[in-house]
Structures are given as structure tokens and as C-alpha cells.
Amino acid sequence: MRILSLNGWGGRLGEELVGYIGDAKPDVFCLQEVTNTPGATSPWLVYRDGGGELLQRANLFDEVAEALSGHQAFFCPAARGPLYYGDRAIPSEWGLATFVRRSLPIIGQVQDFIHGAFSADGFGEHPRSRNAHAVRLHDYATGKTVVIAHLHGLRDLDGKGDTPARDAQTKRLIELIGRIRHKGDGLVVCGDFNVLPESRMFAELRDIGLAELVTSHGFTDTRTSHYLKTPRFADYMLVSDNVDVRSFEVVAQPEVSDHRALLIEIG
């Protein structure tokens, strides 16, 4: 089973991203920072925050779903706020998406907020609401059951250090996983955590039997050349000890976001 995790950067490199996904052929694709704008008439819109502007693909979710037509597609919105076409504000949903190959039966799933709650009338103040999505899958080829959970961790304007809000987020994530995982299930947790490798979050996740793969495999950068700041860590993948890791990669090329993709193959 090939599992791919990526922060899609709002589809800033959407065409490149969609092309890469078609080549990567993931069985499960966990995508963060996804746009869904039903009222858009242009493929490109602009996100504005704090005086800055960022080009966004209006309907990244639909474009990836079309490229992965053999997958079930789930969109999990965290908030709805304005994107802009010139001076016109267009309500746009923003959140997570999960794509699961149709040959893999989904025998359980849970979506919930790990920070804040759904915001229907604007993206809100920082740190903004964040959610997580977990699916429980049976793999006919191996006879095994695995839970795959992903998240986009809260963004704090003061940086990626530990905070009480991040501690609470970790506890809510662990509780969410506990709602779906059965005894003996393998577990994969991935996404843009928005924390540093020494974060208290990883100690908490170790306590539920998870091992972090990015730093333990010697990778020192999960950002691409499109990201010009430091520190260079944001994205992680963790597995339980009953997951058979065949390969793991922090993908350097192609660059389809300001984040690198994480790709794991498990047996």
C-alpha cells in the first residue's frame, strides 16, 4: 500500500501537483491545505491575509479527485472564508482531503476538530481552527487492517514551538485516533504538523506506540525551494511497530508545493 502525504499550498502549483499525483499512483493520498470554491468562475483566486497575497487554485479538491478517478474522495472543511477575484470576494472552503483507492474497503472513518471548531463566516484569527481525518482500511492483499490519520497542525504566528494550544491539539488527535483504531490495527499518522522535531507532541505520540520516520531516516528538510524561511521542518509521518515499512521517502523532486511530499510503502 502506497501512502502519500502533502500540504498542497492551496494549489499554488496545482497543475504540477496534479501531474505528479498521477505519476505517483498512491493508494491513499492525504492532502492538506485544500481549496473548494463552488462559486468560482476562474481557476485561480487570491488569498489575502495581513497585507500579503497568495495565488490559490480555486477548486484543488475537484482537480485532484478527477486525476484520481479510481479513488473515493473525501473533503473535510475547517473553515469557509473569502478568496478574491479582483475586488470580488468569493466564499471558499479550506481544509483536508483524503483519497482512497476504491479496491481498499473503508471499514471506519472519523473526522473532527483538534483545535477550535468549524468557522462558516471567515477564516478567523490565528491560530485558526484545524481538523483531522482518519480512515480504517482493510487490505485484501495482506489481510491486514490499518488506520491512516492526517492533520494540518495549527499555525502560531510566534513560530513552531510548544504551546498549551499545541499540547491540547495533541491530546485531541490521540483521542480521535482512539475512537477508530481497534486492537491490532496498524497505524500511520501523517501531515503538516507545524511543529519542530523536538516538540512535546512526539513524546505523546511515542507513548501510543508511534515512531517518527522523517528525522529517524536522516532527512533534514521537508520544505522545497519555494519556501525561503527557516526552520525547514513541518511535515512528518509516524507508524506503529506492527506496520511493515517497505520504503519511506521525503520527495525532493518534483517540487509541487512549498512542502515536500512524504511517500511510504507498507506491506
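Trainee: By class, what residues does the lining of the largest cavity have?
Mentor: Three nonpolar, three polar and two charged residues. Keep in mind that this is a predicted model.

Trainee: Which residues line the largest cavity?
Mentor: Glu33, Ala78, Trp94, Gly95, Leu96, Arg130, Asn131 and His152.

Trainee: Which strand gives the most to that lining?
Mentor: Strand 6, with three residues. Strand 6 (88–101) and strand 8 each supply at least two.

Trainee: And what volume does the largest cavity have?
Mentor: About 30 Å³. The count comes to one cavity of 30 Å³ or more.

Trainee: Switching to strand 10. Is it mostly covered or exposed?
Mentor: Mostly covered. Strand 10 spans residues 186–192, and seven of its seven residues are buried.

Trainee: How does strand 10 run relative to strand 9?
Mentor: Parallel. Seven bridges join strand 10 to strand 9, residues 144–152. Ile148 stands opposite Val188 there.

Trainee: What do strand 9, helix 3 and strand 10 make?
Mentor: A right-handed β-α-β unit, with helix 3 covering residues 164–180.

Trainee: And how does strand 10 pair with strand 12?
Mentor: In the antiparallel sense, over five bridges.

Trainee: New topic. How many salt bridges does a search of the whole structure find?
Mentor: It finds 15. One of them joins Arg57 and Glu15, with the closest N and O atoms 3.8 Å apart. That pair links distant parts of the chain: Arg57 is in strand 4, Glu15 in helix 1, 42 residues apart.

Trainee: Why does Arg57 count as buried?
Mentor: Because its relative accessibility is 8%, and the cut-off for buried is under 20%. Glu15 is exposed, at 53%.

Trainee: What about Arg223, which residue does it form a salt bridge with?
Mentor: Asp258, at 3.0 Å between the closest N and O atoms. Arg223 is in the loop between strand 11 and strand 12, Asp258 in the loop between strand 13 and strand 14, 35 residues apart. Arg223 and Asp258 are both buried.

Trainee: Which residues do salt bridges with shared partners join into one network?
Mentor: Glu15, Arg57 and Glu63.

Trainee: Last one. Where does Asp121 lie?
Mentor: In the loop between strand 7 and strand 8. Asp121 counts as exposed because its relative accessibility is 76%.

Conventions
Residues numbered from 1 in each chain as written. Predicted model: local features only at pLDDT ≥ 70, side-chain atom pairs only at ≥ 80, totals over all residues. Heavy atoms only, no water. Buried < 20%, exposed > 50% of the residue type's maximum accessible area, 1.4 Å probe, protein only. Helix = DSSP H or I, 4+ residues; strand = E, 2+ residues; numbered from the N terminus. Pairing = 2+ DSSP bridges. Right-handed = clockwise from strand over helix to strand, strands pointing away. 1 Å grid on protein atoms, 1.4 Å probe; cavity = no way out; pocket = protein on both sides within 12 Å on 5 of 7 lines; lining within 4 Å. Points joined across faces, edges and corners; volume = space filled by probe spheres on them. Nonpolar A, V, L, I, M, F, W, Y, C, P; charged D, E, K, R; others polar. Salt bridge = Lys/Arg side-chain N within 4 Å of Asp/Glu carboxyl O.
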